[in-house]
4 protein chains.
Amino acid sequence: MLIVMKPQATEEQVRGVCAKIEAMGYRAHAMPGAQRTAIGITGNQGALEAAEFEILPGVAEAIRVSKPYKLVSREVKSEDSLIRVGTGESVVTFGGRELQIIAGPCAIESREQAFAAAGAVRKAGARLFRGGAFKPRTSPYSFQGLGKEGLEILAEVRREFKLAIVTETIDPENCDLVEEYADVLQIGARNMQNFSLLKRAGRSSKPVLLKRGLSATLEEFLMAAEYILSEGNYNVILCERGVRTFADHTRNTLDLSVIPAVKRLSHLPIIVDPSHGTGKREKVTPLARAAVAVGADGLIIEVHAEPDRALSDGYQSLYPDQFAALMDQVTAIAAVLGRTTAVSAMTRS
Amino acid sequence: MLIVMKPQATEEQVRGVCAKIEAMGYRAHAMPGAQRTAIGITGNQGALEAAEFEILPGVAEAIRVSKPYKLVSREVKSEDSLIRVGTGESVVTFGGRELQIIAGPCAIESREQAFAAAGAVRKAGARLFRGGAFKPRTSPYSFQGLGKEGLEILAEVRREFKLAIVTETIDPENCDLVEEYADVLQIGARNMQNFSLLKRAGRSSKPVLLKRGLSATLEEFLMAAEYILSEGNYNVILCERGVRTFADHTRNTLDLSVIPAVKRLSHLPIIVDPSHGTGKREKVTPLARAAVAVGADGLIIEVHAEPDRALSDGYQSLYPDQFAALMDQVTAIAAVLGRTTAVSAMTRS
Amino acid sequence: MLIVMKPQATEEQVRGVCAKIEAMGYRAHAMPGAQRTAIGITGNQGALEAAEFEILPGVAEAIRVSKPYKLVSREVKSEDSLIRVGTGESVVTFGGRELQIIAGPCAIESREQAFAAAGAVRKAGARLFRGGAFKPRTSPYSFQGLGKEGLEILAEVRREFKLAIVTETIDPENCDLVEEYADVLQIGARNMQNFSLLKRAGRSSKPVLLKRGLSATLEEFLMAAEYILSEGNYNVILCERGVRTFADHTRNTLDLSVIPAVKRLSHLPIIVDPSHGTGKREKVTPLARAAVAVGADGLIIEVHAEPDRALSDGYQSLYPDQFAALMDQVTAIAAVLGRTTAVSAMTRS
Amino acid sequence: MLIVMKPQATEEQVRGVCAKIEAMGYRAHAMPGAQRTAIGITGNQGALEAAEFEILPGVAEAIRVSKPYKLVSREVKSEDSLIRVGTGESVVTFGGRELQIIAGPCAIESREQAFAAAGAVRKAGARLFRGGAFKPRTSPYSFQGLGKEGLEILAEVRREFKLAIVTETIDPENCDLVEEYADVLQIGARNMQNFSLLKRAGRSSKPVLLKRGLSATLEEFLMAAEYILSEGNYNVILCERGVRTFADHTRNTLDLSVIPAVKRLSHLPIIVDPSHGTGKREKVTPLARAAVAVGADGLIIEVHAEPDRALSDGYQSLYPDQFAALMDQVTAIAAVLGRTTAVSAMTRS
């Protein structure tokens, strides 16, 4: 059930509706829009009577929602969500006119390696730094990340390079630690339906980057985001990173058609990861261009100062100069769509 | 690296090799076989020198293992693993001549509902009872299970009906609670690559039923089991439950060819879940027959006394009389392969 | 539109309805059943008025058909179709209580090779012989079959071994030649939607074995059969041979759940090809057992007297003794379902 | 086997090598390049001795080719192939700096409908017109095209609007008729492995537009093209049109990563069909932009003057003004990659 308030409804009326909902044992989610406020109701398993709400002051309409997702839907909030990330000098916004580019190595291996990558990507125009401290690996015998030491290196990167930090959290308990250091909590593709982790991320004050699962339908992807929003954290950035198909010329099949599909159904921003989406260095730049052309709100790119020495995913990491070239190309394509990147500003000034 | 001991090697020699491995900072996994003992080494990220081990007393050979899995492999242990489940009167063994049939409702809804299902499946020949107390659901608004109350009902079912209990654990913290009640910890398809949960289950004293992920390759499936074994819990039962494909006449596509493929590569038992594998009641019995015919070590079947009233998955749950008919059919097919079920014994006596 | 005649309708009344349909410019397909005759109408692109037919003598009902397939549907013909194949001593029937096993090499390579395989499979209980004279190959540089010479060898096999001949036709023109020699025209998976070939096969007097395409949905599979029936040839045997998925432990993923799904919707018989369905010799027998257990009406199996010398698909061909063992196993499983094979009769006598 | 001639080799020496190859019973395919000529050998099933060729005058090297495709490979011809299409005023070239945009309705329904679409797409900058006269349809009861009448309408469109004609051929016999009218023979996705049709198209003097099959791997796609080249027709344009996956938010999943993968392996041009690739009108333009951004050599787009009245695929056809907007957007993106469309020229002048 979704309650749409009248444009002239007062804040007090909005609070009154929320109070009524919570008195009934449900959760109210007030979502202020440019024109009017909508209030989502969650926690109800069966049907509610629209009439019970439509008699309240300030209410324009009570709508039964047939789609299984509610809070992520454009029916609840028609304008694009703007997700503010970072603090101080490194604040950036996802979902607006400016595309946000996240770049950095697959895993944090050492302070030296992180700083080399961070310097390169900052210079080329990235404003967010990625790097895993806790790595979910297919094999128990592969490098699992530096853990807390990796997080501390990331904190140094933020201070030194004014880059907001995006790093992965792998379970609810681990989330306590990661959210102390990260500006954005990343939830990986294999954890897209780790519902315990989604709920925990939903109680965090940090924005969440949620990657699509390898065989997730669009509805399952949006429902995973719904888990986070339903716990109260509305700052979710979606990420397409390729799905699993029979095709064997790339590691995954990047499904760029999901970008306009998400834009139609949801107000959340969505970015693309062409590094995992293709798994091959030489395909990253062409697919990054395509992602921007199709309308994505940003990119997340693996960059390593010395890819051949990387402990994980080196074969899909760009060299710094390749990343700089990528930034120039996507900035030019963004301009065709009336959008910008940090490079646009650097060039203008 | 895998150390193969000589047939006549003493226990002391085995302990000596293990001590050497652990002194090097790795983990040793001694796996006694009918003819000889093999010792798996895990924790080594790079290559080890075979020569360093081959000089030790009692060692026949040190083999570099090229497959990414080690402990689950028939190269480490050529005989089928026998996994004992349950205690007292309800002990059963997976992986032997007798097939094990797990049956019960998708979710525990009430004591009355659980008892009705348990009585029916016990009578028809099941020796293990399934039922979820914690349910991973695609939607945050769907029934999430009774939680601890559900586990207590399961404990009553065990006492009352002499059925071993199989129930799902959804995250590492939750595992502490579930392992107090369950005879087998189930890890669901969506958590097959939840590595934190796999590691926690690997430190449990209870056997683990590990379901194949919706888009998991055979190698990824075995590597997920490897995570559990590498922590020291060798009691893993694999489960095929359908993979995601373009085909839309069933909810998932049950991949029965994975059974002989697993049998070839691994010593672990594997069972089949035709309920989730097809998602349609009328297809459960034909596919259960096929699963036994292909060589599975057992089945897990959703049965509900009143499927039309089930809070989840009712459309794929069998009626008690359908389950009894299934048991008779699979028992007859098992006999063709020289195998038995609990019904074989009931019929003979 | 489907016209259901009254149980007591006369043949003259049936002819009257057909005449009316054809006068309107459509095609009438009278399908006599045990209780009553149904008449399918094809060729109408838009809607017809039920009333126009319900006023005719002998008509019980005129039903709008919502599914896109008509003639293949159980709504048109509720009883299983029995498809008679072969002539003289080698007549067999598909779709009845007896399972039919087709066996032989992938391609006809020489008279000697064909005779060696034919002798072996006849002795083991096959009553139909497979072998390609025209081979659709992924590479233009691979062996494309012996052509007409291969067909002549097949004719000799029929005479010598009393085996009905199943062989592939690859295009409409080629069909003129193949139908002179074959008892059953095989249409391969890659040609399942070669509509020109389907139409040509629909005008043949020979039964057709139609293989499911590598990525065909159930509806597309039935629609391909519908093409053949709509041209007047009602003798179609369907064949599941695996679909393409991400799974890489077999060449294709055999989708056995399609058997009960077809049985529910269509009156046509369906068999299984575990040789192409798995692409690996050691998996053929387990999957053959599973196919019979799930309810298939027969099997098609690649057998070669010397698989290691085969010009194509040798790695998935069984040795003669493996095929004989397979026949014994599937005969025992068939008995559990109340069905037989030619081996059942051999054993009894 | 591939013979690489020395840069200074004479035409006579090239002819000498070809004569030798053909005397051995194989086919020689001389492919002149900018620097040197390469000669492909086809028809050999087994291995040839390199030494036999390396002794001939003018030969630099004889290379064993491990990939199953030869003639389509960059190893045979390192420069991009330029495929000239059309005659007189409507000549265009695929594979060069200018992108080629093919547009028009799914099926030719009438002269009036074809002219309306042709006028619109010509004005917006298309230089090639698509429209089916023979339509492969999933259902035998769907509109199958106007046949020869449709071809005659297409011939009128060419004369009237100076548009080169791209239309589908559905079987070898039908190819005789279609090649009289078409400038480009289209082979549809369902016929990608209709080898009889591929061979027939390989003997045509007209260029071929070959669409990727719904579940074709990259290697199978290139091998299908190889069939055409191996018969002597080197003028093949590849086309990505989406593959079949579990994803259900679009009709197919457009696999744009195949574009850089083809470019790496083959000298043939490749275009993209976002209309069939998505099956939804609102996704055609975003994916068309992405296709150009990823590096495709052109597009094929369904445009209908009145989509809501179309006899087939109306829901994925663009309105004329949507197509004009698409042309402007893709022209701007092409410019970023240093490429042009016909609109670039119109704008400049």
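In chain D of this predicted model, helix α3(D) passes helix α11(D) in a right-handed crossing, meaning that the near helix is turned clockwise from the far one by less than a right angle. Helices here are DSSP runs of H or I with at least four residues, strands are runs of E with at least two, and both are numbered from the N terminus. The axes of α3 (residues 111–124) and α11 (residues 320–336) of chain D come within 9 Å and cross at roughly 20°; axes are lines fitted to C-alpha atoms, for helices over the stretch in contact, and angles run from 0 to 180 degrees between N-to-C directions. α3(D) and α11(D) are therefore roughly parallel to each other (angles under 35 degrees count as that).

Who does the touching? On α3(D) look for A120(D), V121(D) and A124(D), and on α11(D) for P320(D), F323(D), A324(D) and M327(D); contact means heavy atoms within 4.5 Å.

Now hop over to chain B. Four of its strands form an open, antiparallel sheet in the order β2-β3-β1-β4, where two strands pair if DSSP finds at least two bridges between them. At the edges sit β2 (27–32) and β4 (59–63) of chain B, each pairing on one side only. Six bridges join β2(B) to β3 (residues 37–42) of chain B, and H29(B) stands opposite G40(B) in β3(B). Helix α1 (residues 11–23) of chain B packs on the sheet, touching β1, β2, β3 and β4 of chain B.

A note on the bookkeeping: residues are numbered from 1 along each chain as its sequence is written, and chains are lettered from A in the order written. Local features need pLDDT of at least 70, side-chain atom pairs count only at pLDDT 80 or more, totals for chains, interfaces and linings use all residues, and side-chain values use heavy atoms, without hydrogens and water.

Note on methods: Parallel < 35°, antiparallel > 145°, perpendicular 65-115°, else oblique.
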